[in-house]
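Visitor: Please put the structure up, and then we can go through some aromatic residues.

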Amino acid sequence: MSSIYLDHAATTPMVEEALIAMTAQLARLGNPSSLHTHGRATRKTLEDAREVIAKEVGCLPSEVIFTASGTEANNTALKGLYWQGRDKGKHVVAISSIEHHAILDPAHWLEVHEGAEVIQIPVNADGVVDLEFLTHLVATRGNEIAVISVMHANNETGVIQPIRTVVEIAGEIPVHTDAAQSFKKVPLSFAELGVYAMSLSAHKTGGPLGIGALILRRAVEIPALLHGGGQEREIRSGTLNAPAIVAFAAAAKSKYYDSAKVSALRDSFIAGISAALPEVIVNGLRAERLPGIVNITFPGTQSDTLLLLMDAQNISCSTGSACSAGVHEASHVLLAMGHNEVSAQSSLRFSFGATSTSADVDFAVSVLPDVITRGRAANLS
Amino acid sequence: MKLIAAMSGGVDSAVAAARAVEAGHDVIGVHLALSSNPQKYRSGARGCCTIEDSHDARRAADVIGIPFYIWDMAEEFHDGVVEDFLAEYAAGRTPNPCLRCNEKIKFAAVLDRARAMGFDGVVTGHYARTQISDSGKTLHRAVDHSKDQSYVLSVLTVEQIEGAIFPLGGTTKVDIRKEAEARGLAVAQKPDSHDICFVPSGDNAGWLRDRLGSEVGPIVDQDGVKIGEHKGAYTYTIGQRKGLGLTVPTADGSPRFVLKIEPVSNTVVVGAREDLAVSTMRGERAVWCGPAVTEQAQRGFVQVRAHGAALPCSYFFDGTLLTAHLDEPLLGLATGQAMVIYDGDRVVGSATICETE
């Protein structure tokens, strides 16, 4: 029995160009910070890669700060912009209530350890950030806000957020956006969005694990998390991971991702499931969404049971939410959208990628009704 | 068969899962999260409730090459085991929570869920055996008597035993550790867990005091004369001699032992060693692991502690209470403990001791 991968939002296969670029670079000698021939050669390759990525995300090369992950980019941006604001007497960190843990947790840490006041911006039932709330917040407490962070698209539901409008409302307040899920899936331009900072992760877009980038406006100086050689604008130290960076650039440049094809697969999946199981709820259905992500609530089930049963059918999918000691918790994203604990724990995320096929969709649709029946029985036992 | 292997993160359940796979079964590993606020690391010799233990279980499943999931049973465990444990102590009895966990969690909540999901049974690393006989599948002691856990499994009904697989019952613990080593399981030398898993400090009396309070009450002799004070009756056990703090000596200087704990009057009764002697015990909530016991008295053995001796007795069931008459009296027997009847190595059934004389 073949295995079917419907968890591309967790990570997706590396594209061939990236694989070739990475393996070639692994064989080359040279620390990019060295001044000699070997160092210069690596530096050249690396700066070429930086320019490629800058072009693809609509920023200046100097605005690209390489990090070891999207999580590091988020931490660097949120903490750095908070500390910068705090020096000017601003102590509020405003984040959307549906952020990834890589924003939620540093925000919480700032609250506990660094004197921040964290305000969560709610979302509506479709999972879109409440712009009226934000407008009111900025109008009443704008001069206290150090940073606003709203993700570009949610990792659990795929719902795209109105970042351009958030930036307009924010005015002078620095806005950060976590665009890990969006890059290469939908048009994304740092310059056009007008944000201060944007986080990217290579492995969500056909690049390797262990490399990300913080796109940070030039001339914005924020305190560093990692101190050392000062390689990346003194904001991030550490010898640059040249093989991963060239692979990231190769993936960024690649035309591997066909948004229309992926969204067609997703829609046929939704149609198939809805026909077989009319009681299901597609979360965020009315909102603008990424092509590849769909989040479905199956009433009367528990998602950890469904995951096990799907896995037994060789289908890899996810709940999309974080685990604590592996114990499944209700998704904060679905709770923020108005679900209760029970219905939030009855939901699965299916995410499609460039390598997904209609056969994958057909098989998943064919096994789901039986999985749901067993899942319901287990829930009642 | 399609089986769920309950994996605690210890060596026994890891080897049990590996053996089930090797026997050709389709196995999925499941770790039961029994605490809603697990500790990060193991401290001392308690092992199954920390995040470290769940990582150990996951690693073992990966090495064996089976899928692995964590089932959150914290609520069921709290309601069925922890609350019961507290209520029993509050009522002056001495409960066995491992037995309750097998009865209500591992072979009830887990087995029911497994069956509903289309699985045939649950594999555990318990040291016990099952056999197929004319009267169906029966429960037996492990070959390694020093590790035998049939006592804590004696609450399983015939139907639960049908769905239980114990791959370790024919092997000694020493050999299980060697086998784990040979299989490349990192938990091979992990210490055995004992103590009560949900009492993280191992300080049972302190844990109970925090939850049941420490109301001072009298320690009296058998004539009801107060001869001392205690700080919470439930921290004493029947037969206890040390730590009573009595200042009034007996006439002949002989030691005193706890005979009885009376929760309503918050009184601890002490007396002479010979007054601890029990020759008859009765138990309620009887469960049969095979054919039911009848009013017809039978010869057999009764065991009253997890690793206690099997005591020769005759036993019968009057429809309400299971009674065992011991051939030789036993000193110090707490109510709340399980009385488990054996016919040779076969577990006949069990009941919760409610009366002794």
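Guide: Phe85(B) has a relative accessible area of 1%, so Phe85(B) is buried (under 20% relative accessible area; exposed is over 50%, partly exposed in between; 1.4 Å probe, protein chains only). This is a predicted model, where local features need pLDDT of at least 70, side-chain atom pairs count only at pLDDT 80 or more, and totals for chains, interfaces and linings use all residues. Side-chain values use heavy atoms, without hydrogens and water, residues are numbered from 1 along each chain as its sequence is written, and chains are lettered from A and ligands numbered from 1 in the order in which they are written.

Visitor: Is Tyr89(B) buried or exposed?

Guide: The relative accessibility of Tyr89(B) is 8%. By the cut-off, Tyr89(B) therefore counts as buried.

Visitor: How are the rings of Phe85(B) and Tyr89(B) arranged, stacked or edge-to-face?

Guide: Rings of Phe, Tyr and Trp (its six-membered ring) pair if their centres lie within 6.5 Å; planes under 30 degrees apart are stacked, over 60 edge-to-face, the rest tilted. Here the centres are 5.1 Å apart and the planes stand at 75°, so the pair of Phe85(B) and Tyr89(B) is edge-to-face.

Visitor: Which residues form one aromatic cluster?

Guide: Phe85(B) and Tyr89(B) both belong to it.

Visitor: At what distance from the ring centre does Arg141(B) lie over the face of Tyr342(B)?

Guide: A charge sits over a ring if NZ of Lys or CZ of Arg is within 6 Å of the ring centre and within 35 degrees of the ring normal. For Arg141(B) over Tyr342(B), the distance is 3.6 Å.

Visitor: How many aromatic pairs does a search of the whole structure find?

Guide: The search runs over all chains. The count is 11.
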